[in-house]
Amino acid sequence: LEPAATRVDETCWPMPILPQHAAELKNKYADTSSTGKGRMGGASTAAAFLRQFVDGDVQWLHLDIAGPAMLSAPSGYKAEGGTGFGAALLTQWLLDSAGEGAARR
């Protein structure tokens, strides 16, 4: 995903899912919580929640778009307001994954 992000001027990087992120989801009333107890590690805690529902051999990612979702001022080609972060990134990744022949069609 990172090469596609570079091509469309969006930033992404791998983040850890540590044992403490999974521990944040423990709940005395239910099997799991969907959010952590605090704000620390929110993206990683959200990923820990999602990981519970993915088979071990399936490749997956959690694209957390909350932070870059809005701009308070124009930046480069991006206008103030909603950024649509992730749309160009995922489109580019799909084109890259399909191969160059499919991208030219």
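I will start with the second largest pocket, which has a volume of about 170 Å³. This is a predicted model, so please keep that in mind throughout. Five names make up the lining of that pocket: L1, Q59, W60, L61 and W93. Sorted by class, four of these lining residues are nonpolar, one is polar, and none is charged.

Now the largest pocket. Its volume is about 660 Å³. The lining of the largest pocket consists of 23 residues. Which of them lie nearest its centre? Those are W13, M15, H62, L63 and D64. By class, the lining of the largest pocket has 15 nonpolar residues, six polar ones and two charged ones. Helix α3 gives the most to this lining, with four residues.

On to the surface. L50 belongs to helix α3, which covers residues 42–51. Together with V58 and W60, L50 forms a nonpolar patch on the surface. The accessible area of the three together is about 230 Å². L50 has a relative accessible area of 33%, so this residue is classed as partly exposed.

Next, charge pairing. In general, side chains of opposite charge can pair when their charged atoms come close. How many salt bridges does a search of the whole structure find? The search finds one. The partners are D96 and R7, and their closest N and O atoms are 2.2 Å apart. D96 sits in helix α4, residues 87–98, while R7 sits in helix α1, residues 2–7, so the pair ties together parts that are 89 residues apart in sequence. Is D96 buried, exposed or partly exposed? D96 is partly exposed, at a relative accessible area of 35%.

Now one backbone angle. Most residues other than glycine have a negative phi. D9, which is not a glycine, has a positive phi, near 60°. You will find D9 in the loop between α1 and α2. D9 has a relative accessible area of 52%, so this residue counts as exposed.

A23 is in helix α2, which covers residues 19–23. With a relative accessible area of 34%, A23 is partly exposed. A23 and C12 are 11 residues apart along the chain, and their C-alpha atoms are separated by 25 Å. E24 lies in the loop between α2 and α3. E24 is also partly exposed, at 23% relative accessibility. How far apart are E24 and A73 in space, C-alpha to C-alpha? The distance is 35 Å, and in sequence the two are 49 residues apart.

The salt bridge to look up is the one between D96 and R7.

Notes
Residues numbered from 1 in each chain as written. Predicted model: local features only at pLDDT ≥ 70, side-chain atom pairs only at ≥ 80, totals over all residues. Heavy atoms only, no water. Patch = residues over 30% accessible without salt bridge, like charges linked within 9 Å, V, L, I, M, F, W, Y side chains within 5 Å. Areas by Shrake-Rupley, 256 points an atom, 1.4 Å probe, with all protein chains shown as cover. Salt bridge = Lys/Arg side-chain N within 4 Å of Asp/Glu carboxyl O. Helix = DSSP H or I, 4+ residues; strand = E, 2+ residues; numbered from the N terminus. Buried < 20%, exposed > 50% of the residue type's maximum accessible area, 1.4 Å probe, protein only. 1 Å grid on protein atoms, 1.4 Å probe; cavity = no way out; pocket = protein on both sides within 12 Å on 5 of 7 lines; lining within 4 Å. Points joined across faces, edges and corners; volume = space filled by probe spheres on them. Nonpolar A, V, L, I, M, F, W, Y, C, P; charged D, E, K, R; others polar.
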